[in-house]
Amino acid sequence: MNGASRLQLPDAFRGKRVLLAVGFHPRHQSTLEKGVLLFDGLRATGANVQVLEVAVIDPKYKSFKPSVEAFMRKAVNEKPLMGRIYPLYTNSQAFKKSLGLQQEEYAFILLGPEGQVLWKKSAAPTPGMVDSVKRLIP
């Protein structure tokens, strides 16, 4: 992370636009899955964007990583999404602050090729949100 407007992306995603469905609590798994599936429609329109889910998990659970991630796999309703869900063991409050979030329990965030935040919304996903993101992708 670098400030409130940029995230350091893993090498596989650097230089690409990435839409993140970020969750801070397991009870929002189905909302995040619906969002990932909805935003996946952008790719069908030719938009060059990767759509991923990030589960923010308190670092105190990192020593239980195999159990935590097994629980995550069981909780996923849309099994094709499994390979696109990334656990992030970090302090959720610090991570929220870095993104300019406060009490949100989930958010959808579009990152530019350099990891800069281009768009974010903390609401249940809608086709209107997809249209807003589409306008930001050349």
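**View 1. The second largest pocket of this predicted model has a volume of about 290 Å³.** Its lining is made up of 14 residues, and those that lie nearest the centre of this pocket are Q8, L9, P10, V54 and L88. Two or more lining residues are given by each of the elements β1 (17-23), β2 and β3 (85-89), with the largest share, three residues, coming from β3. When the lining of the second largest pocket is sorted by class, 13 residues are nonpolar and one is polar, while no charged residues are found there.

View 2. By class, the lining of the largest pocket consists of eleven nonpolar, three polar and three charged residues.

**View 3. Helix α4, which spans residues 127-134, has M129, V130 and V133 as buried residues.** Because these residues cover an arc of only 100 degrees around the helix axis, they are placed on the same side of α4. The packing partners of the buried residues of α4 are β1 and α1, along with the strands β4 (106-111) and β5 (117-121).

Conventions. Residues are numbered from 1 along each chain as its sequence is written. This is a predicted model: local features need pLDDT of at least 70, side-chain atom pairs count only at pLDDT 80 or more; totals for chains, interfaces and linings use all residues. Side-chain values use heavy atoms; hydrogens and water are left out. Ala, Val, Leu, Ile, Met, Phe, Trp, Tyr, Cys and Pro count as nonpolar, Asp, Glu, Lys and Arg as charged, and the others, Gly among them, as polar. On a 1 Å grid over the protein atoms alone, a cavity is a set of points where a 1.4 Å probe fits but cannot get out, and a pocket is an open set with protein on both sides within 12 Å along at least five of seven lines; lining residues have an atom within 4 Å of a point. Grid points are joined across faces, edges and corners, and a volume is the space filled by probe spheres set on the points. Helices (H or I, at least four residues) and strands (E, at least two) are DSSP runs, numbered from the N terminus. Buried means under 20% relative accessible area, exposed over 50%, partly exposed in between (1.4 Å probe, protein chains only). The arc is that of the directions from the helix axis to the C-beta atoms. Contact means heavy atoms within 4.5 Å.
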